[in-house]
Amino acid sequence: MIPFPKFIKPKDELTEDREETVVDESVSHFVYNPLHSLALDQQRKKLPVWQNRDNILYLLQEYQTLIVLGETGSGKSTQIPQYIYEAGWCKDGVIAITEPRRVAAKSLANRVAEEKGVIAGDLVGYSVRFDECTSAERTKIKYMTEGMLLREILYDPVLKPYKFIMVDEVHERTLLTDLVLGLLKKIMKQRRDLKLVISSATVDADHLCNYFDLSQEADSEAKPTASVISISGILHPVEIHYLKDPLPDYIKAAVETVVEIHKKEPPGDILVFLTGQEEVKIAVELLTDWADSLKRSYGEMMPLPMFASLGNRDQLRVFQRAPHGVRKVIVSTNVAETSVTIPNITYVVDSGFMKLRCYDPETRMDTLGVVPVSKASATQRAGRAGRTRRGKVFRLYTEESFHSLLNSNPPEMQRTDISQVVLQLNALGIKNVLRFDYLSPPPSKNLASALERLHAHGAIDDSCNLTMPLGLHLAELPLDPNLGKMLISSGDFGCSEEIASIIAMLQVESVFLTPRSGDEFTRARKAQRQYKVAEGDLITSLNVLSDYEDSGESSQWCSSNFFNRRALQRAVKIKAQLIGILKKFEVPVVQCRGNEESIMKCIATGLFMNAAYQSPSGEYRTVRGDVSVSIHPKSVLNEVQPPPLLLFVDVIHTTKRYIRDLTAVEESILKQVAPHYYK
Ligand code: CDP
Ligand code: MG
């Protein structure tokens, strides 16, 4: 047996020791009760941002843009919108708060609704892709994803209904954060009454402040229009432990470190950072086994997963206090780094890795890869342990590796495919996408590749103008251009119902359950096998969804076939929305009932650029870029004779480049649907 990870004794390297206030975080969620609401009111007043309330309101009165810097958990996202509302500034307008993640938008709206003693969807609402919970007349505080605000800008380029926009979590610098900021700057020049709050855990405030200072352009003597406020948060000292020697398997090391903490350290909940949902599930399973064997000698331990697509009920358990004497262990993806705050964490285990989407010049497309975290992320993660009292972080890497980390990751605008940005800007009438006033301009090679891709799809013409209606529809769709093209073309192929099913299934987590017990595992495999077809993952998921619908969305059917009912329910909902969009675009909504060739052709119309062929040596290589790729271990194509040519939706880069969500395809079909591409 490999020994448990060895950590070296920490030097006096502690994070900054600040004010020793302890926040009572005994929160329970979503249940309205007047007494409870009183308690929430007291909690609100204990948050660090409360001390700055008057100052924030004063600065917002004086300046058009206010940049608020403050530790995660200091109350920026939940409190500032309420201060604005309570100041009576929302009488004739709404405050919108944009979040990079849908999970944050929903959970914040629920939390703020609870603090205001209402249910979400009334005074406080949210709007995320495929899920809207607002009231046109009554919602004044509206949490939304950045993508949803963008869509609103498309329909209403000056954002008339809004008086305040708060762009939250700006340190994440997602593609959409940057795009939204660039567009807001443009809008604010026209609408001097529109106020902007930018909130961030850590960010280069000077750069942002200069960017949003609209006075400079008019008159150098004029008073600046942007200001910054820093909120000093509560952060208790966090002791940092590094590994003595590097370890190969961070999942295993994370599990073992949790076991060690549970055995040796005083009570306090543990937060573990891994990179993705799959890893989280594996670690939770391993920890559940350990919990059984440790219970008798060391007390109870409750491992819980946390990731963005987790169901509401499971998320609630993460936020709730554990029963007395039980140690909660939250195993999370990056979502717990800054977007959501989990109370009562004393120990953090940091794998040192995260998933990041980057443009890969070799495949000439975005690749989701596992990469080392930046110093900024590592510091954020460590800080999660010091929110309630003194804490400890166990970094699963050596001190030398920490020092070799990047200070921060470049903004997404400078590292990913920007086809969506080009589409959106074009749809807004901003033709010269090269000269747009970006917060950080994208590299010209990424811009060129985006133009090439959009041109190949027929979304822009030779002079880079958006084509009508295809280009405009693609800009309006909340989907990647490849899938968007597939959906919009589905009417021509007579299979829009089927394609809507396929795309809906791509938006939800895997529907195949894999039970752990041997007997159930075998039964699940047997039941699921009848759906898995040699045509690939997309057709397989279509089969599953169709049968689920034919069963009358029966839960009995799901359990006897070992399918994830929650994911299927969500897919049904998303499909209905996609069909709604098709109707709006006047695309005929039709079924082809088993005409596989139509479906294949339609899939190829969207994915023709993502093709891989089997070389004589047996490995797969991409047609674009000629790079070696492997079939993802979860693909159904592992269970059949591998096809000579296939299409993929996505590439993820871990130990190798894996292509996933695959469809076997005939060369003749590719030549037929994309003759301009396959000469
Ligand atoms: O935005 P920031 O990270 O500064 O803080 P926040 O999200 O406004 O959170 C303020 C407080 O509300 C924290 O102490 C959280 O524990 C609590 N909160 C919560 O209990 N449930 C949520 N869904 C969001 C926040
Ligand atoms: Mg926040």
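There are 45 salt bridges in this structure, counting a side-chain nitrogen of Lys or Arg within 4 Å of a carboxyl oxygen of Asp or Glu. Keep in mind that this is a predicted model, where local features need pLDDT of at least 70, side-chain atom pairs count only at pLDDT 80 or more, and totals for chains, interfaces and linings use all residues. Residues are numbered from 1 along each chain as its sequence is written, chains are lettered from A and ligands numbered from 1 in the order in which they are written, and side-chain values use heavy atoms, with hydrogens and water left out.

**Salt bridges**

- Lys223 pairs up with Glu62, with the closest N and O atoms 3.5 Å apart. Lys223 sits in the loop between helix H8 (215–218) and S9, while Glu62 is in helix H2 (residues 53–62), so this pair ties together parts that are 161 residues apart in sequence. (Helices are DSSP runs of H or I with at least four residues, strands are runs of E with at least two, and both are numbered from the N terminus.)
- Lys223 is partly exposed at 44% relative accessibility; buried means under 20% relative accessible area, exposed over 50%, and partly exposed in between, using a 1.4 Å probe and protein chains only.
- Lys634 and Glu278 form another salt bridge, at 3.0 Å between the closest N and O atoms. Lys634 is in the loop between strand S20 (628–631) and strand S21 (645–653) and Glu278 is in helix H10 (residues 277–298), so parts 356 residues apart in sequence get tied together.
- Lys634 is exposed, at 57% relative accessible area, whereas Glu278 is partly exposed, at 40%.
- Arg44, Glu86, Arg111, Glu115 and Lys116 are joined in a salt-bridge network.

**Strands**

- An open sheet of 8 strands runs in the order S5-S4-S6-S3-S7-S8-S2-S9, with mixed pairing; two strands pair if DSSP finds at least two bridges between them.
- Strands S5 (131–133) and S9 (226–231) are at the edges with a single partner strand each, so one side of each has no neighbour in the sheet.
- Strand S2 (residues 65–70) runs parallel to S9, joined by 6 bridges, and Leu66 stands opposite Ser227 in S9.
- S15 and S16 make a hairpin with 4 residues between them, and Arg364 in the turn has a positive phi of about 55°.

**A loop residue**

- Ile119 is in the loop between helix H4 (102–115) and S4, and is exposed at 67% relative accessible area.
- Leaving out residues up to four places away in sequence, Ile119 touches Ala113 and Val124 (contact means heavy atoms within 4.5 Å).
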